[in-house]
Amino acid sequence: MTLQIIVGAQWGDEGKGRIVDWFAAEADFTARFNGGDNAGHTVTVGSKVFKLHLVPSGIIHPQVTAILGNGMVINPSRLIEEMEMLAADGIDVSPRRLRISYAAHIITPAHQALDKAQEAQRGKGNIGTTGRGIGPAYTDKATRNGLRMANLLAPDFSELLGDTITEANRTLELLGAAPLEATPILQEFHAYALRLKPYVADTSIELDTALRQGKAILAEGAQGTLLDIDHGTYPFVTSSSTIAPGALAGLGLGLTAAREARVTGVIKAFQTRVGSGPFPTEVSGNLALRLRGSGENPWDEYGTTTGRPRRVGWLDGVLMRYASRINGLTELAVTKLDILSGIEKLCICSAYRRDGKTFSDLPFGPSDLSPYEPVYEELPGWSEDLSKVRKWNDLPAAARTYLDQIADLAGAPVRLVSVGPERSQVVEKG
């Protein structure tokens, strides 16, 4: 059995897409196990930038079969858009290479309308959702009122969808929002059903069979550990399980699948966050502008899905150590090390301080970080351009020291380091 799980070890946006792309070169399957189109993975191949929100980014490799797992919530419109974008670039997205779990839930315009209306009701207390219907779709799943991809195959799908819209309109009226008109939605989804029916499959059986045959499966997590519904900075979290154990439930795999699994945690060389919530190591001013970039390049710190500028700060070793424990990380992939070139002194938060006490671990998890102040360790920076480095020993000594400190804090070795946006700009530690 060969299972590798790739997860974000921060607040998402860690650069998982390009790390998945690196490992997918040797994979037979890549499979998304959580979330929806509120997540975005970016892969740069030459002059072409692929921004994917639903389709696993490993599909760019021709030998890979891509799976959308049962733990996902799927907007059919966005999925078809991505399929057409990939097809236009010559990538095979036929049912031979792309399959969708029959148990994945469907996002409808009703979910999107409810998401926006509920967020508006929160006012200043909003949690920064993307408004894409993710939370309401998972709510329907939990209350057993959701529609699954299997329903696309049923003759009464339009009737079921119509009932969903009617129920949503009752809630929208209570929230003071405009109701939805059912007829155009039903017509639209009839076309989606015809298009996507050939892709719906029992992906759990397929993945289990593949593992038993010794094939390599790459489980592709969306978002990050600190956005996990149970283990993240609640309530500023997403609606699904973003951590490595969630890959098993989100793909329909048993515990034996994880017996020899590798768990790769992806982190940036600094910390970023989109949306509301405490951020102990956040910086501002010129340093923030330096880390974030101008937004002119696709790899600058602006959300792939939302386009919102990301908040930035020094790397938080306390949260990294927490993510390592929660996920059971066996290795790390560090992205954007090149961005730190030219900064004379670097800081890493190694502990928190509160009421005169120092904490290396959080007493009650990361749900409330606001009372804590970071305790920093200062390390020397480097001035060299890293973009052409491809061998570990060619990295500047100060950069290797910085990576060693990351590994010590996380309790997991650094295996990969990205030094630029291109798929070839990766340094692997031998």
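**View 1. Val266 and its bridge partner in strand E15.** In E15, Val266 is bridged to Ala333. Strand E11 (residues 262-268) and E15 run parallel as a pair, with five bridges; strands pair if DSSP finds at least two bridges between them. Helices (H or I, at least four residues) and strands (E, at least two) are DSSP runs, numbered from the N terminus. This is a predicted model: local features need pLDDT of at least 70, side-chain atom pairs count only at pLDDT 80 or more, and totals for chains, interfaces and linings use all residues. Residues are numbered from 1 along each chain as its sequence is written, and side-chain values use heavy atoms, with hydrogens and water left out.

**View 2. The open sheet.** Ten strands line up as E9-E7-E5-E2-E10-E1-E11-E15-E20-E21, with mixed pairing. Strand E9 (200-201) and strand E21 (426-428) sit at the edges with a single partner strand each, so one side of each has no neighbour in the sheet.

**View 3. Glu331, tucked into strand E15.** Glu331 lies in E15 (residues 331-335). Is Glu331 buried or exposed? Glu331 is buried, at 8% relative accessible area (buried means under 20%, exposed over 50%, partly exposed in between, using a 1.4 Å probe and protein chains only). Leaving out residues up to four places away in sequence, Glu331 touches several residues, including Gln4, Phe23, Arg262 and Arg415 (contact means heavy atoms within 4.5 Å).

**View 4. Where helix H2 meets helix H6.** The contact uses Pro76, Ser77, Leu79, Ile80, Met83 and Glu84 of H2, plus Phe189, Tyr192, Arg195 and Leu196 of H6.
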